[in-house]
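I opened my notebook to write down what I looked up, one place at a time. The structure comes first, and my entries follow.

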Amino acid sequence: MKSRPQLDKVTRKAPEFFSPDVAEARRFYLNLNPPKDRPLAVICGGLEHCTPDYTIRRESFPFYSIEYVTRGSGEVKLKGKNYQLQLGHLFSYGPGIPHQINGNASDPLVKYFVDFAGTDALALLRSCGLSPGRVSEVFPANALQPLFDELIHAGLQVRRQSAVLCVKLLDCLALRIEGARAPLEGAETLAFATYQQCRQHIEKYSLRLRTLEQIAVECHVNNAYLCRLFRRYGHQSPYQYLLRLKMNYAAERLQQPDTLVKQVAEEAGFADPFHFSRVFTSQFGLSPTAFRGLR
């Protein structure tokens, strides 16, 4: 991924639907009037440093949009309901969705955005749980920054394939949102906090941990609740997550010279090297010996 692009002063070439209350921005523009039968088309996007008095109010918008707060705070009103904005929050709107965005004067907003259209645009938003008019949050809070930076970089390139690349990156962004979404403050906050703690414990002690029961005891939760948390927020079981961490470690070790498969199996917490080989093969489609031969 590319590093965050340097900011340019806002130019007067921006479309009229942009707020004038932006001090600095890095924006790109593609086709502002794409064919109506195109499945997906990125219109424009960028990174905006808002002024302290930033505000924008619209009864509708010609495109679908995702906005993502990377610094500062504020408030968004969507379909008559108010939501607080802070680092890691994202929201969407589109045709027929009234919205109002206000920045916090003492903590000005800095936010990414991407506007897009197409026959598949609404389905894309729904696929990542961000239907127009919804607010969500990602964990970690900076999870989307690299993809947005890459999207801006691609959009600014004067190349024939820029539009196609931007659509591919938008697809990646939707997948990343789906995998990183966290509940906003409310009934699910405690459950998600418990999930985070359990996941971090597994990451920290992945080589030592061996069973679901061991994970549950050390995380002070019961087996069934632990599994429900991982299915809800991680879309896999805690044991599957543990095995993937072990296999990622094993793959790195097997790429080092003079490393024995038996040795790596022991380091990853497998007493039986044959069991280790079966798990490794199921994860990567190659046996540890064949994988080591790829060096």
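Which side chain of opposite charge is nearest to Asp115, and how many Å away is it? Before answering I note that this is a predicted model, in which local features need pLDDT of at least 70, side-chain atom pairs count only at pLDDT 80 or more, and totals for chains, interfaces and linings use all residues. Residues are numbered from 1 along each chain as its sequence is written, and side-chain values use heavy atoms, with hydrogens and water left out.

Entry on Asp115. I found Asp115 in strand β10, residues 110-117 (strands are DSSP runs of E with at least two residues, helices runs of H or I with at least four, numbered from the N terminus). Asp115 is buried (under 20% relative accessible area, with a 1.4 Å probe and protein chains only), yet it has no salt bridge (a side-chain nitrogen of Lys or Arg within 4 Å of a carboxyl oxygen of Asp or Glu). The nearest side chain of opposite charge is that of Arg58, 6.5 Å away (Lys and Arg count as positive, Asp and Glu as negative, while His and the chain ends are not counted). I did find the side chain of Asp115 in a polar contact with the side chain of Ser65, at 2.7 Å (N or O atoms within 3.5 Å, one able to donate a hydrogen and the other to accept it; residues adjacent in sequence count only if both atoms are side-chain atoms).

Entry on Cys219. I located Cys219 in helix α5, where it counts as buried because its relative accessibility is 14%. Leaving aside neighbours within four places in sequence, Cys219 is in contact with Cys198 and His201 (heavy atoms within 4.5 Å).

Notes:
Buried means under 20% relative accessible area, exposed over 50%, partly exposed in between (1.4 Å probe, protein chains only).
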